[in-house]
Amino acid sequence: MGERVTITAKIPAEHKEKLRKHGVNINRLINDTVAREVHRLDEEEYQALLKEASKILQKIPEDHLVKLIRRGPDRVS
C-alpha cells in the first residue's frame, strides 16, 4: 500500500455516537468500505475490458485463434 492521505467527512452526530457506543473503529470502517468500493470499481472496469476484448476476438476466425494459441506467445508473428 502506498502513501496515505487524510479525508474528512461529515456524518450525523447520532451515527457517530452509535458507532462509538458499539466500539466500532471508525477509521477501520472507512478504510474497509473505501477498499471494497475501489475493488468493485476495478472489477467493473475489468468487465468492460473483457466485453470489449470479446467483441474484438469474435471478429477473428476460430481456426486462426486456435493456431495462434497452439503456437504459443513467443511465436505469434
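**Notes on the model**

1. Arginine 20 and glutamate 17 both lie in helix α1, three residues apart, which is about one turn of the helix. Their side chains meet in a salt bridge of 2.4 Å, N to O, a salt bridge being a side-chain nitrogen of Lys or Arg within 4 Å of a carboxyl oxygen of Asp or Glu. Arginine 20 is exposed at a relative accessible area of 54%, whereas glutamate 17, at 40%, counts as partly exposed; here buried means under 20% relative accessible area, exposed over 50%, and partly exposed in between (1.4 Å probe, protein chains only).

2. This is a predicted model, in which local features need pLDDT of at least 70 and side-chain atom pairs count only at pLDDT 80 or more, while totals for chains, interfaces and linings use all residues. Residues are numbered from 1 along each chain as its sequence is written, and side-chain values use heavy atoms, with hydrogens and water left out.

3. The protein chain has three helices and zero strands, where helices (H or I, at least four residues) and strands (E, at least two) are DSSP runs numbered from the N terminus. Of the nine residues of α1, the number buried is zero, so this helix lies largely in the open. Just after α1, glycine 23 takes a positive phi of about 75 degrees.

4. For the chain as a whole, the radius of gyration is 23 Å, whereas a compact globule of 77 residues would have a value near 11 Å; the radius is taken over C-alpha atoms, and the globule rule is 2.2 Å times the number of residues to the power 0.38. The C-alpha trace spans about 65 × 25 × 20 Å along its principal axes, and buried residues make up 1% of the 77 residues.

5. Arginine 40 is partly exposed at 41% relative accessibility, as are glutamate 37 at 34% and glutamate 44 at 49%.

6. Isoleucine 7 lies in the segment before α1 (13–21) and is exposed, with a relative accessible area of 59%.
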